[in-house]
Amino acid sequence: IKIAEWNPEKDLLAMVTEDSKLLLHRFNWQRLWTTSPGKCITSICWRPDGKAIAVGLEDGTISLHDVEDGNNGSSTYEDRTTRFFPPAPRVPRTPGLVPGDSSGFMDERKVVSPSLNIWMFVNCLSLFVLDIMMLYHVAFITQYAIMFQNIRDIDFCSPLVGNHASFHLKDASICKMALSSDISHVTVLCSGVLIETGTEASDNQLSGSHLDGFHCLVLDSTMFQKRKNELHQVAQQASNVEHLIEVIRKSMCIMSKQWSDAMHVYHEKFNALSSLIIDHGLDSSPQEEFLSLLGGARTSPPVHQFLVNSLGEAGLKRVAKAVCGAGKELQTIVLDHLQPAAEIIGFRMGELRGLSKWRARFRGIGLEESLIDNATEKAGMLLVQIERFIRILSSVVQQFSNFFNWLLKCVKVLMSEPSDQLLPFSSELVILFLKFLYDQDPVGTLLQDTHLDHNIEVDLETKQRVTELAYFGGFSDSEYLKRTLAKEFQQLESCFKEALEMPLATVSRRILCKDMLPLFPVSSSQNFKSFCFPVSVSYYQEAPHGTTHQRLTDYTSFMVPDETFPNITNCIGIARGLIHDEDNLKIGHNSLEVALLRIPDGYSCVDLSLYKEEQIVLLLNDINMGSESSGNACMMMVQTEDLAFVSISRSSVLPSWNLHELQDFITCLQLENEKVREIPHSVVAPLAVSASRGVACVFAARKRALVYILEEDEDEVTESE
């Protein structure tokens, strides 16, 4: 026995033997059950209620065993946030906006940091069902190294001649990408200029040979397969933190706008008093005039004119409503959005901090403990800043309200109107307001998003206390109270981004370009982005010819532009086997095969999709219909086994366009020879095909969605507006 733990609630003893068997005995040594996880057990721990025992294994997984019968199951990483916090807050709405109107937001820039995109991508790669659609800016992908929408330049070596021929893909523009089901390959269809960079690894000079066109890349993403659990754990926390940071950014933006508008109304009215004082030839300040009025002295002419004529009861009430109303709105946003978001960020950063301490597993994906520690501390500082902001905001709103109550009574007295029913006020608070708030704005200063540093005054006692707390685990940065709330948030955002740049860089270095196949040329005079043609990438399990062992095979389908090859017009190309071609070429075999299909005369291909392993579905529009007609279309299903797949040569130097080799092997499709579904409308992309349910969704040009059942003989169509 190498480990033993007593059940906290029952007379049961769990023991682990040297050969990693888990035994459960009663106090009288009656053995209840024995189980073996098949891996080395490193630790065990009872659940507090004694009904289950957790077993830690050497590979980092945890199995949970029921105390009654020992049934177990591997436990994936649990996001514990929901156990301690309510659902994450959403971005607050600007008061006064109707549903669906976003025009009132301060900052409508669709800005997403690179980190968000990769973590959303990793969430998908990890094959975990996550509600990443809550990241409402998911559609605004920006950039991430070699992955996705801003892929620009790639360097790689030819798989045909080892490391002696290297190439550079310049100005790449992504058109389509697909991840294999085993998450070990990513197929990318993109345009760009392929340039040979030399025949030796040390040669950095361009040879001058280049291909400008459309290419198919195979990226090796086996890292995601090997480290998907660790990446998922980091991605789950990071993507949620990114969303919460966006909640805080929008919240502070709305708060700043609300308070700025209220202060504009206040100053617009009260600045008139300064002008009146100057006009009457006095050298006093508005604060001094109000203090004189508060002390019971005779009301000066400028103050009398200001309160009775310039401001008046109605104007005073409008200003009070604007300022106090904005203060209440800010308090609501802080309590319902800003503070909850900061609290959850602090917890999630703590979870990342715990992961970063597991160096054996997480340093390999770039999770740096010191950077995560720094970001975690910034999250704590932000919470303190929010607490301080709440106190300051509450005090400011209270003093403004008290000042307006006093002024309202003064107006009533000056106008000889009854003032018995007015709200009471505190003279002491009026004095404090005139001294510290009349022409100052501590709330606006804390919210101000500026590059200038506003140092908040902190008393000596507080400074000393913060410094002393650092020795007991407090914040190492003792100057944080001098910063504004907006500046503290900027620092948190910056530190979080810095902490994630390390795993992003680590991951991107391991996503390598494994192979490339040039598909067709695009002349430099053509604008590739103006091209709109169907493409599709799919993966299926199938056995290569002459074997019984099944493996994953890639299918890449694409419409070949008519102007690219003289003898290949109105054709679709289907390439398969590219992801394994590099390995096969090393042993003298070529697994890459391509087939060409010619669309029936009078039709154009709108979209295409592979359906299961044996069929390709083509969505075709009739181009012979008159302009006054709504048009006709059809959906054609083609058996891939009937296609003439031909091996094409792969150059050992600069890859070249090889589709012209297949001009004698084109399969001409005929409507009468294939399975066809007629559609009484012209159609538009996309075509959505479900292999599991055997249906296809077609979008008609007249805003109708048509759902076809693919496998039935009869044409069953459901049509809805």
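Predicted model: local features only at pLDDT ≥ 70, side-chain atom pairs only at ≥ 80, totals over all residues.

Student: How many bridges link β1 and β2?

Tutor: Strand β1 (residues 3–6) pairs with strand β2 (residues 12–16) over four bridges, in the antiparallel sense. Within that pair, I3 stands opposite V16 in β2. The two strands are joined by a hairpin of five residues.

Student: Where do the side chains of a regular strand point?

Tutor: In a regular strand they alternate between the two faces of the sheet.

Student: What about the sheet with β18, which strands are at its edges?

Tutor: That open sheet has four strands in the order β18-β19-β20-β23, and the pairing is antiparallel. The edges are taken by β18 (603–611) and β23 (675–679); each has a single partner strand, so one side of each is left without a neighbour in the sheet. Here the twist averages 20 degrees from one strand to the next.

Student: And how many bridges hold β18 to β19?

Tutor: Eight bridges connect β18 with strand β19 (residues 615–622), in the antiparallel sense. L608 is the residue opposite L618 in β19.

Student: Changing topic: how many residues does helix α4 have?

Tutor: Helix α4 (residues 228–279) has 52 residues. From first C-alpha to last it reaches 75 Å, close to the 76 Å expected at 1.5 Å a residue.

Student: Where does α4 bend?

Tutor: The bend is at E268, by about 25 degrees. Just after α4, G281 takes a positive phi of about 75 degrees.

Student: What span should α12 have, and what does the model give?

Tutor: Helix α12 (residues 485–510) has 26 residues, which should span 38 Å at 1.5 Å a residue; its end C-alpha atoms are 39 Å apart, which agrees. α12 bends by about 25 degrees at E501, and the proline P503 follows within four residues.

Student: At what angle do α5 and α6 cross?

Tutor: The axes of helix α5 (residues 286–294) and helix α6 (residues 301–356) cross at roughly 85 degrees and come within 10 Å. That angle makes α5 roughly perpendicular to α6.

Student: Which residues meet there?

Tutor: From α5, E289, F290 and L293 meet V303, F306 and L307 of α6. By class, this contact of α5 with α6 has five nonpolar residues, one charged residue and no polar ones.

Terms used. Residues numbered from 1 in each chain as written. Heavy atoms only, no water. Axes fitted to C-alpha atoms, helices over the stretch in contact; angles between N-to-C directions. Parallel < 35°, antiparallel > 145°, perpendicular 65-115°, else oblique. Contact = heavy atoms within 4.5 Å. Nonpolar A, V, L, I, M, F, W, Y, C, P; charged D, E, K, R; others polar. Pairing = 2+ DSSP bridges. Expected span 1.5 Å × (residues − 1). Bend = angle between axes of the 7 residues up to and from the residue.
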